There are 2 protein chains.
Amino acid sequence: MSAAPGEFELIERIRRRVVARGDVVLGIGDDAALLAPPPGRQLVVAMDTLNAGVHFPLGTPAADIGWKALAVNLSDLAAMGAAPAWCTLSLSMPEADARWLDGFLDGFSMLAAMHDIALVGGDTTRGPLSVCVTAHGFVGPGRALRRDGARLGDDVWVSGTPGDAAAGLVLAGIAAAGVDRIEASTEDRDALAFRLARPQPRVALGAALAGVAHSCIDISDGLLADAAHIGRASGAALRIDVDALPASAALARSADTDTRRLLQAAGGDDYELCFTAPASARDAIDAMARECGVPVTRVGDVTAGEGVRPVDAEGRHWQPARTGYQHFAADQR
Amino acid sequence: MSAAPGEFELIERIRRRVVARGDVVLGIGDDAALLAPPPGRQLVVAMDTLNAGVHFPLGTPAADIGWKALAVNLSDLAAMGAAPAWCTLSLSMPEADARWLDGFLDGFSMLAAMHDIALVGGDTTRGPLSVCVTAHGFVGPGRALRRDGARLGDDVWVSGTPGDAAAGLVLAGIAAAGVDRIEASTEDRDALAFRLARPQPRVALGAALAGVAHSCIDISDGLLADAAHIGRASGAALRIDVDALPASAALARSADTDTRRLLQAAGGDDYELCFTAPASARDAIDAMARECGVPVTRVGDVTAGEGVRPVDAEGRHWQPARTGYQHFAADQR
C-alpha cells in the first residue's frame, strides 16, 4: 500500500530542513519549544497567516508560498528593527502531500537560512490550505521602531521600489490599487512577477535603523494606507510626494504616470519599509542603506495633521481611487 | 449602510478584551509585539491550530472555540512546566462577524484571564474558519518537563479523569477510540459534553511539577499514543494499567468496562497531563496536586522497552483497536 505520509512523517520532513542555532534548547518534537533569550534584550513577536485563494491564488507554486509565509513575518520583524531568531509554523493542508511539502520547504528554508531564523515548532493539520507563521526576534530596549514615534519635520523614506508587486498582481489578472490592466514585455513581466512571488524582507536595513529612525512600518497593504498608520499613531500627517516614489525600470516601462502612481501609492504586497527619521540622520541612513545593499529614497516629510497627505510633484493634493487593503472591507481588492 | 466591520474594527474589539501585564511593552497595534522577558528564564513557545470541521464540528458555539483554541496551547505550556505569559492569535473567518467574534472572545478571554496570559498580537483575515494560537511562557533553566526524561522505575501518573472528552465526542455522534455509541443520562451527557467543550489546561500542576517530574506530555491524541511519545523519546516503555485509570462518575455510569478502557486509553481531547516521576516524589506530588485542586493517580511504571505497554488489572497485555489520532493517517477518527 502506498500510504499517504502520517503527521509524524511530515514533521520529520520539516525537522530535517531546520536552521541550527545555539540558543534553541529544544526544537521540534516536544509539546513546545524551549529557547534561551539573550539577556537584556526585548522580544519582538509577529504572526501572519496566508490563506489559499485570499493571500495567494490557488495554483501558486509551493516554494513561493513557503517563501512568502516566512517573508511577511520577517518583514514585520524588520519593521520593528529586530534581528530574527526563531519561528513556528502551523500548516493546514487538505491532504498529506509530501511533494508539496518539500516544495514549500524549498522556499521557506532558503529564506530562513538567509536570515538565520530557526524553525522551532508548530503543527501540521488537516484543513483548507493555510500557512500561519509566528516569528521571534530581538531588539535592544528603547531601540524598537514603532509606528507612534514620527516627529514633525522628520523625513519620510521608503526602501526599494514600491509598486512592483501590485504590477505583478495586475499582470497575473488580479486587479490591484484600482488598476486592472497593464502591458509589459516578457522580461518586465517576469521581473514584476518575481517581486510579487519572492518579496525581500528588509531585515538588515530594519535592524540598522533601530535607534536611528523615529518610526517605521512595512508596506503590506499599500504605501499610503500603511504610512497613514504611522501618521495616526504619531498624531501627525505623512506628506508623501507620489512623483518622488522610486520606480523600478520594469514598472516605469510598463505603466503610464497615472497607473504608476496608483500602483506605487496604493498597491500592497511590496514588503518594503516606510520610515521617518530626522534630517540630521540623512547621511547615516544613506550609508546604512549602501551597506545593506537596499536603495532608500526620501519621499516626503512629517507635517501637522493626521494620517497621510499624498501630493504630486507640484505639491497638489493627489487622491487615489482607494488607499489600501482591508481584509474585511466591503470594497475589496 | 450597515457595513460589515472592517479589519481594524475587529482588531479594536479584540484589543478591548486583553489581559494587562506589566511585561508587555507594546501589544496589539504595531507590526509586532514588543515584550520584556524575565531575566534568567527560558522561553517556552507552543503553537496549535483548530480548523472548523476537523478539530471542532461546524456549529460549535463560538465561545467554546475561543476557549479551546487557547486551552490546547496552555496545555502545551503546562506539559513543559511553564508559567504562561503572552499569546498571539490568528483568526481566519469566512466573513467579518462581530457577534461571532464577541462570542469567541467570551471563551478566549475568560480562560486568558484565569491564567494571566496577555494577547499581544496576531492577525484577522478572510478564509475558512480557522484559529491559530501561539502561546509563550517561562520556566527556570533545566526545569522544563520534556518527553525524553523518563527513567526506568519512574511511576507513571495521569491527572484528572481521562476518557471524558472522548465520551463527549461519541455522545455528539462522532466515533472516537473505536467507540461509536454509548448511553448516558441527561446529566452525565451534559457533564461529558462540558469536558469536551471546555478542557481545563493543567497549568498550575505543570508548573508545580517542573524540576520534580522527569517527563511530561499532555493528552491530546489519546493516553497510550501520547505516553508512547514519552517512551520513545526516553528509550523506555511506559507500562500503563488501563484498569487503574481514574474514571469520572459520569463516564463510569455511561460505559461498560471494555468501552471505558477504549475511551480512557485511546480517546483524545482530554488535555490532562501524563507524567513520570521517581517513587521518592510521591508525597510531594500528592501535596502539589491537592494544592492545585487537580487529582492525580499513579497508573503504571517505566520499564525496559520502547513506547507503551498497556496491561489490564491482571497484568495481561491489553490491545485497543487503535492508539491515537494522527491528522494525516489513513485510519482517521
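**Close-up views of a two-chain predicted model**

**View 1. Asp48 of chain A and the residues around this position.** A:Asp48 lies in strand E3 of chain A, a strand made of residues 42-51. The model shown here and in the other views is predicted. Setting aside neighbours within four places in sequence, A:Asp48 is in contact with A:Val72, A:Asn73, A:Asp76, A:Val131, A:Cys132 and A:Val133 of its own chain, and with B:Asp123 of chain B. In UniProt, a "binding site" annotation from an unreviewed entry covers A:Asp48 and A:Asp76. These two positions span 29 residues in sequence, yet their C-alpha atoms are not more than 9.0 Å apart, so they gather at one spot.

**View 2. Asp76 of chain A, with contacts in both chains.** A:Asp76 is placed in helix H2 of chain A, which covers residues 62-80. The relative accessibility of A:Asp76 is 6%, so this residue counts as buried. Beyond the neighbours within four places in sequence, the contacts of A:Asp76 in chain A are A:Ala46, A:Asp48 and A:Asp218. From chain B, B:Asp31 and B:Ala32 are also in contact with A:Asp76.

**View 3. Three aspartates listed together by UniProt.** The unreviewed UniProt entry places a "binding site" feature at A:Asp31, A:Asp76 and A:Asp218. The three positions span 188 residues in sequence, and the farthest two C-alpha atoms are 32.7 Å apart, so the positions do not all gather at one spot. Of these residues, A:Asp31 is included in the lining of the second largest pocket.

**View 4. Asp31 of chain A against chain B.** A:Asp31 sits in the loop between strand E1 (24-26) and strand E2 (33-35) of chain A. With 8% relative accessibility, A:Asp31 counts as buried, because the cut-off for a buried residue is under 20%. When neighbours within four places in sequence are left aside, the residues in contact with A:Asp31 are B:Ala46, B:Asp76, B:Ala79, B:Met80, B:Arg147, B:Cys216, B:Ile217 and B:Asp218. One of these residues, B:Arg147, has a side chain that makes a polar contact with the side chain of A:Asp31, at 3.2 Å.

**View 5. The two chains and the axis that relates them.**

View 6. Strand E8 of chain B is formed by residues 215-218. B:Ser215 and B:Ile217 point one way from E8, while B:Cys216 and B:Asp218 point the other way. All of these residues are buried. In a regular strand, side chains alternate between the two faces of the sheet. E8(B) is joined by four bridges to strand E10 of chain B (residues 273-277), and the two strands run antiparallel. The bridge partner of B:Ser215 in E10(B) is B:Thr276.

**View 7. His55 of chain A in a loop.** A:His55 is found in the loop between E3 and H2 of chain A. UniProt lists A:His55 under "binding site" in an unreviewed entry, together with A:Asp269 and A:Tyr325. A:His55 has 19% relative accessibility and counts as buried, because the cut-off is under 20%. The side chain of A:His55 reaches the backbone nitrogen of A:Asn51 at 2.8 Å.

**View 8. Arg261 of chain A in helix H9.** Helix H9 of chain A, residues 257-266, holds A:Arg261. A:Arg261 is buried, with a relative accessible area of 14%. Its side chain makes a polar contact with the side chain of A:Asp243 at 2.9 Å. Apart from neighbours within four places in sequence, A:Arg261 is in contact with A:Val242, A:Asp243, A:Ala266, A:Asp312 and A:Trp318.

**View 9. Ala167 of chain B in helix H4.** B:Ala167 is placed in helix H4 of chain B, residues 164-171. The relative accessible area of B:Ala167 is 0%, so this residue is buried. Not counting residues up to four places away in sequence, B:Ala167 touches B:Ile182, B:Leu192, B:Leu251 and B:Leu263. B:Gly178 is 11 residues from B:Ala167 along the chain, and the C-alpha atoms of the two are separated by 11 Å.

Technical notes. Residues numbered from 1 in each chain as written. Chains lettered and ligands numbered in written order. Predicted model: local features only at pLDDT ≥ 70, side-chain atom pairs only at ≥ 80, totals over all residues. Heavy atoms only, no water. UniProt positions renumbered as here; feature names shortened; annotations may be inferred. 1 Å grid on protein atoms, 1.4 Å probe; cavity = no way out; pocket = protein on both sides within 12 Å on 5 of 7 lines; lining within 4 Å. Buried < 20%, exposed > 50% of the residue type's maximum accessible area, 1.4 Å probe, protein only. Contact = heavy atoms within 4.5 Å. Polar contact = N/O pair within 3.5 Å; in protein donor to acceptor, adjacent residues only side chain to side chain. Pairing = 2+ DSSP bridges.
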